[in-house]
Amino acid sequence: MFELEVKGGSVVKIFKNQDNKAVIEYDGVDYELESMINLIEEVKNNYSSVSEAEIQQFERDPEMRKMIEDSEQDIERGKVHSTKDVLARIRRGEI
């Protein structure tokens, strides 16, 4: 295992998992190096401004996960919310 302190004092660990794949552990989350490299290449090709780390952090948030699941169910039922409606609900503290 290799450990590296990065900006802000966080420690990044690099190691091989039980499947012998290279893994980077950052902020308590494991990322397979090959997947990260593929994502970086995809981002470079698509000019996306959202990083995999941001996506992972978003997906780990239980409130966000619940919102996504609720939205998917609404779409399946044919119920769609406008951006204006969602913003109004956020301002009222309903979301």
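The model is predicted: local features need pLDDT of at least 70, side-chain atom pairs count only at pLDDT 80 or more, and totals for chains, interfaces and linings use all residues. Residues are numbered from 1 along each chain as its sequence is written, and side-chain values use heavy atoms, with hydrogens and water left out.

Biologist: Which pattern does the protein follow along the sequence?
Modeller: Start with the secondary structure: 4 helices and 4 strands. These are DSSP runs, numbered from the N terminus; helices are H or I with at least four residues, strands are E with at least two. Read along the sequence, the pattern is β-β-β-β-α-α-α-α.

Biologist: What radius of gyration does the protein have?
Modeller: The C-alpha atoms fill a box of roughly 50 × 30 × 30 Å along the principal axes. The radius is taken over C-alpha atoms, and the globule rule is 2.2 Å times the number of residues to the power 0.38. A compact globule of 95 residues would come near 12 Å, but the protein has 18 Å.

Biologist: In what order do the strands form the sheet?
Modeller: Two strands pair if DSSP finds at least two bridges between them. E1 and E2 pair over 4 bridges, and 4 bridges also join E2 to E3. E3 and E4 pair over 4 bridges too. The sheet is open and antiparallel, in the order E1-E2-E3-E4.

Biologist: Why is one side of E1 and of E4 left without a neighbour in the sheet?
Modeller: Strand E1 (2–5) and E4 stand at the edges of the sheet. One side of each is left without a neighbour because each has a single partner strand.

Biologist: Which residue stands opposite Tyr-31 of E4?
Modeller: Strand E4 covers residues 29–32. Its covered face holds Val-29 and Tyr-31, its uncovered one Asp-30 and Glu-32. E4 pairs with E3, residues 22–26, in the antiparallel sense. The residue opposite Tyr-31 is Ile-24.

Biologist: Which residue has a positive phi in the turn between E3 and E4?
Modeller: In the hairpin of E1 and E2, with 5 residues between the strands, Gly-8 takes a positive phi near 90 degrees. In the hairpin of E2 and E3, also with 5 residues between, Asn-20 has about 65 degrees. E3 and E4 have 2 residues between them, and there the positive phi, about 55 degrees, belongs to Asp-27.

Biologist: Is Asn-17 buried or exposed?
Modeller: Asn-17 lies in the loop between E2 and E3. Its side chain reaches the backbone nitrogen of Lys-21 at 2.9 Å. Asn-17 also touches Val-23 and Glu-32 (heavy atoms within 4.5 Å), not counting residues up to four places away in sequence. Buried means under 20% relative accessible area, exposed over 50%, partly exposed in between (1.4 Å probe, protein chains only); at 19%, Asn-17 therefore counts as buried.

Biologist: How far apart are the end C-alpha atoms of helix H3?
Modeller: H3 runs over residues 62–76, which is 15 residues. The expected span is 1.5 Å times one less than the number of residues, so H3 should span 21 Å. Its end C-alpha atoms agree, at 21 Å.

Biologist: Which residue takes a positive phi just after H3?
Modeller: Take the start of H3 as well: a side-chain oxygen of Asp-61 reaches to within 2.8 Å of the backbone nitrogen of Glu-63. Just after H3, a positive phi of about 85 degrees belongs to Gly-78.

Key. A polar contact is a pair of N or O atoms within 3.5 Å; within protein, one must be able to donate a hydrogen and the other to accept it, and residues adjacent in sequence count only if both atoms are side-chain atoms.
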